[in-house]
Structures are given as C-alpha cells and as structure tokens.
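Subject: The structure, and some notes on it

Hi there,

Here is the structure I promised to pass on.

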Amino acid sequence: MRLSDFWRLMDDEFGPAYSRVLASDLVLGSLGGKTAAEALGGGIEPKTVWLAVCDVQDVPPERRLGRDIAPKK
C-alpha cells in the first residue's frame with residue numbers, strides 16, 4: 001500500500017479533517033505506543049498502520065479495503 005492509499009482510506013472512513021486528528025493523536029498500542037503519523041514517519045508500512053487504526057477504531061472488515069471507486073473512463 002502506498003502512503004497516498006493510506007490517506008485516501010483514512011479520509012474516506014473518517015473524513016479529511018478528523019483523519020488528520022486521528023493520525024496525530026490516536027496512540028496505537030500494537031505499534032509500540034506510536035501515533036499513525038509517528039509510525040509512518042518511522043518507516044512502518046502504511047498498510048500495517050492502517051490496519052492498526054482499523055483495529056482501534058473498530059472499522060468493520062468489509063470497510064477495511066475502502067469504498068468501491070468507479071473506474072475512470
């Protein structure tokens with residue numbers, strides 16, 4: 001997963017403003033007590049960070065891959 005995909009998923013699930021708050025304030029115990037922003041800055045894979053956020057925020061499994069996006073014509 002690319003970093004841009006991480007932010008798209010965060011924005012789609014939590015909204016653009018709240019996703020930034022979560023990334024900077026939510027402590028992820030499974031990532032050593034780091035926030036998502038700290039984990040990403042420290043080189044942890046975006047997919048790992050995304051799944052940690054999903055676990056803490058109880059994002060249902062059916063939404064962890066993001067919403068369906070219609071292909072561009």
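Helix 1 runs over residues 3–14, and its 12 residues reach 16 Å from the first C-alpha to the last, close to the 16 Å expected at 1.5 Å a residue (the expected span being 1.5 Å times one less than the number of residues). Helices here are DSSP runs of H or I with at least four residues, strands are E runs of at least two, and both are numbered from the N terminus.

A word on the source: this is a predicted model, in which local features need pLDDT of at least 70 and side-chain atom pairs count only at pLDDT 80 or more, while totals for chains, interfaces and linings use all residues. Residues are numbered from 1 along each chain as its sequence is written, and side-chain values use heavy atoms, with hydrogens and water left out.

Back to helix 1: Asp 5, Phe 6, Leu 9, Met 10 and Phe 14 are buried (under 20% relative accessible area; exposed is over 50% and partly exposed in between, with a 1.4 Å probe and protein chains only). They cover an arc of only 135° around the axis, so they sit on the same side of helix 1 (the arc is that of the directions from the helix axis to the C-beta atoms). Among the elements covering them are helix 2 (16–25), helix 3 (36–41) and helix 4 (46–57).

Next, the pairing with helix 2. The axes of helix 1 and helix 2 come within 7 Å and cross at roughly 115° (axes are lines fitted to C-alpha atoms, for helices over the stretch in contact, and angles run from 0 to 180 degrees between N-to-C directions). From helix 1, Trp 7, Met 10, Asp 11 and Phe 14 meet Pro 16, Tyr 18, Ser 19, Arg 20, Leu 22 and Ala 23 of helix 2 (contact means heavy atoms within 4.5 Å).

In helix 2, Ser 19, Leu 22 and Ala 23 are buried. Their arc is only 95° around the axis, which puts them on the same side of helix 2. Ala 17 and Asp 25, on the other side, are exposed.

Beyond its neighbours within four places in sequence, Ala 36 is in contact with Phe 6, Ala 23, Leu 26, Leu 28, Val 49 and Val 53.

Best wishes
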